[in-house]
Each structure stands twice: as C-alpha cells, then as structure tokens.
Amino acid sequence: MKKIHLPTGINIPVLGQGTWRMGEDSSQKDAEIAALRLGLDMGMTLIDTAEMYGEGGAEEVVGKAIKNRREEVYLVSKVYPHNASRKGTVAACERSLKRLKTDCIDLYLLHWRSSIPLSETLEAFESLKQAGKIRDYGVSNFDASDMKKAIDLPNGKQIATNQVLYNLARRGIEWDLLPWCNQHDIPIMAYSPIEQKGILNNSVLKAVASRHNATPAQIALAWLLQQQGIIAIPKASNPEHVKENSAALDIELTQEDLSELDKAFPPPNRKMSLAIR
C-alpha cells in the first residue's frame with residue numbers, strides 16, 4: 001500500500017479504518033471486530049478511534065480486533081477537549097491504553113480546541129511521548145489560523161497531523177488549510193471521506209464510477225487518495241464495505257474525471273468556516 005511520510009519520520013498507510021459509531025451496540029461488536037481484522041488483512045493497518053466514540057466502546061472493540069496483531073497496526077486515538085489539561089490528558093491516555101489493551105498509542109490527537117490552553121495539552125503530549133505511552137501526537141479539527149498558532153508554541157513543531165472533515169462535498173480546507181499543511185509537510189487525515197454516503201447519488205459521481213467499473217464511494221475515496229498529503233479513514237463495519245474501500249486504492253482517476261468532479265463539486269472560491277462533524 002502507498003505510504004505517507006509524517007514529519008516525525010514515520011511512514012503510515014494513506015488508507016486506514018475509522019471507528020466512529022462502533023462500540024455503541026453490543027450486538028454489533030463481533031461484526032465490527034471481524035471487519036477491522038479483515039481490513040488489517042487487506043493492508044489497512046491504520047486504525048483511528050477516540051475516547052469519545054461510544055464513550056470508550058470503540059476503543060474496546062479496537063483492542064479486541066488488534067489482539068495478537070498489535071505489531072502490524074498503526075493506532076490512532078484522541079483525547080476529549082475537556083480532558084486535555086496537563087493531568088487530565090495523561091489520565092485519559094492511561095484509560096485509552098487500558099481499553100485498547102496496549103502499552104503505547106502510535107498517534108494521539110486533541111479531538112478539537114477547548115478553553116484549556118493548547119500549550120498545556122502539548123506539554124502533556126510531550127510528557128506522554130517521553131514516557132513511551134505515545135509515539136507521536138497531533139490535533140484534530142484545527143483550521144489554518146489554529147495551526148499557525150499551534151506550531152509556534154513549545155512542542156508545536158512536533159505536531160504530526162491534523163485530522164479534519166474533508167471529502168468531495170466539503171472542500172473548504174483547500175482555500176488555506178490544505179496548502180499550509182502541505183507547505184509544512186503536515187499530512188491531513190480526512191474523516192467522513194464519503195460524506196456519510198450523502199454524495200453517492202450524484203449523477204456525475206455515478207458516471208465517473210461507471211467508467212471505472214467502480215462504485216461512487218470508491219471514486220470519492222480514490223479522489224482523496226490521489227491528492228498530496230492526504231490520509232483517508234473511512235469506517236466500514238461489514239466485509240463488503242471493507243473490500244470496497246480497499247479496492248479504491250487501485251483506481252487511477254484521469255484528468256477528465258477530475259475536471260468533471262470539480263464541476264460537480266466545485267473547490268472553494270473564498271475562505272470558509274472549517275467543517276466539523
């Protein structure tokens with residue numbers, strides 16, 4: 001699988017697995033675990049989760065899915081903003097580690113900005129890194145102005161990624177955030193890469209998909225995966241969707257495809273508020 005280079009020197013897959021809404025229904029846990037394991041089998045070894053997802057339930061699902069396979073997984077989790085104080089971050093990380101049944105999280109993110117000073121959270125992240133509890137850290141739902149302030153803080157230049165909502169229908173970051181991150185070699189991790197299925201009935205997307213004998217969801221993913229500095233983390237909880245996501249890696253969109261998609265889903269022509277879900 002194609003890899004992307006983090007500023008801290010680690011190479012990670014450009015296509016991973018999201019876990020939002022997992023761990024909320026006990027009757028679905030076995031299927032969710034099986035889906036994540038199938039994704040690992042297919043090379044999607046980056047798994048993204050958060051203490052917020054199912055109030056820890058998703059982390060528990062991930063912990064079971066990666067049992068006896070931890071060494072092949074690049075594990076991402078996130079701390080709630082209200083837990084992101086100096087002591088609170090450390091305590092939250094310890095709880096996540098326990099649910100994930102591991103001794104280290106590969107990438108630990110602040111889920112979104114809060115009233116707690118970011119410098120305090122970054123200090124906690126650095127202490128966790130020095131203690132071997134996390135390998136790298138970053139942020140989520142940060143706009144360009146947030147990122148510019150963040151990297152000027154102590155430990156700010158260690159920010160490894162910014163996870164934001166980005167897909168064909170939500171292209172606002174292309175105005176300033178994405179160019180800025182590319183300039184600073186900070187990859188964007190795109191969540192909700194197919195807009196919760198909200199764009200899949202678009203006629204142009206369907207036409208492009210037909211030309212490639214693919215599904216609209218695969219084209220939406222392929223569009224992201226062809227871009228510089230983008231990691232996509234779609235969620236799939238059944239085998240068919242896992243396989244569908246993986247196959248998107250093999251699709252090469254043409255310039256004609258890209259031009260048609262630009263007309264159907266225009267890039268921004270002004271600064272837009274950061275989309276958040």
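# Salt bridges, annotated sites and a helix face

A search of the whole structure, which is a predicted model, finds 20 salt bridges. Side chains of opposite charge can pair when their charged atoms come close.

One of these salt bridges joins Arg69 to Asp41, with 2.8 Å between the closest N and O atoms. Asp41 belongs to helix H1 (residues 29-41) and Arg69 to the loop between helix H2 (57-65) and strand E5 (74-79), so the pair ties together parts that are 28 residues apart in sequence. Asp41 counts as exposed because its relative accessibility is 53%. The pair also belongs to a network of salt bridges that links Asp41, Arg69 and Glu72.

A second salt bridge is formed by Arg135 and Asp106, whose closest N and O atoms are 2.5 Å apart. This pair links distant parts of the chain, since Arg135 is in strand E7 (residues 134-140) and Asp106 is in strand E6, 29 residues apart. The two partners can be set side by side by accessibility: Arg135, at 46% relative accessibility, counts as partly exposed, whereas Asp106 is buried, with a relative accessible area of 5%.

In a further salt bridge, the side chains of Arg171 and Glu174 meet at 2.8 Å, N to O. Here both Arg171 and Glu174 are buried.

The next stop is the pair of annotated positions. UniProt, in an unreviewed entry, lists Tyr53 under "active site", and the annotation "binding site", also from an unreviewed entry, covers His111. Tyr53 is placed in the loop between strand E4 (46-48) and H2. His111 is found in the loop between strand E6 (105-110) and helix H4 (118-130).

Are these residues buried or exposed? Tyr53 counts as buried because its relative accessibility is 7%. His111 counts as buried at 6% relative accessibility. Leaving aside residues up to four places away in sequence, Tyr53 touches Thr19, Trp20, Met22, Asp48, Ala58, Lys78, His111 and Gln163.

Thr161 is another buried position, with a relative accessible area of 0%. Thr161 is found in strand E8 (residues 159-165). Apart from residues up to four places away in sequence, Thr161 touches Leu107, Leu109, Tyr137, Gly138, Val139, Ile186, Pro187, Ile188 and Met189. With Pro187 there is also a polar pair: a polar atom of the Thr161 side chain lies 2.7 Å from the backbone oxygen of Pro187. The C-alpha atoms of Thr161 and Leu221, 60 residues apart along the chain, are separated by 19 Å.

Helix H7 (residues 203-211) shows how burial can be arranged around a helix axis. Leu205, Val208 and Ala209 are buried in H7. Seen down the axis of H7, the buried residues fall within an arc of 100 degrees, so they line one face of the helix. An α-helix has 3.6 residues a turn, so residues three or four places apart point the same way. On the other side of H7, Ser203 and Ser210 are exposed. What do the buried residues of H7 pack against? Their partners are helix H8 (216-225) and helix H10 (255-264).

At its start, a side-chain oxygen of Asn202 reaches to within 2.9 Å of the backbone nitrogen of Val204. After H7 comes Asn213, which has a positive phi, near 50 degrees.

Most residues other than glycine have a negative phi. Arg21, although not a glycine, has a positive phi of about 80 degrees. Arg21 sits in the loop between strand E3 (17-18) and H1, and counts as partly exposed because its relative accessibility is 44%. Lys101 is not a glycine either, and has a positive phi of about 55 degrees. The place of Lys101 is in the loop between helix H3 (86-100) and E6. With 62% relative accessibility, Lys101 counts as exposed.

Technical notes
Residues numbered from 1 in each chain as written. Predicted model: local features only at pLDDT ≥ 70, side-chain atom pairs only at ≥ 80, totals over all residues. Heavy atoms only, no water. UniProt positions renumbered as here; feature names shortened; annotations may be inferred. Helix = DSSP H or I, 4+ residues; strand = E, 2+ residues; numbered from the N terminus. Buried < 20%, exposed > 50% of the residue type's maximum accessible area, 1.4 Å probe, protein only. Salt bridge = Lys/Arg side-chain N within 4 Å of Asp/Glu carboxyl O. Contact = heavy atoms within 4.5 Å. Polar contact = N/O pair within 3.5 Å; in protein donor to acceptor, adjacent residues only side chain to side chain. Arc of directions from axis to C-beta.
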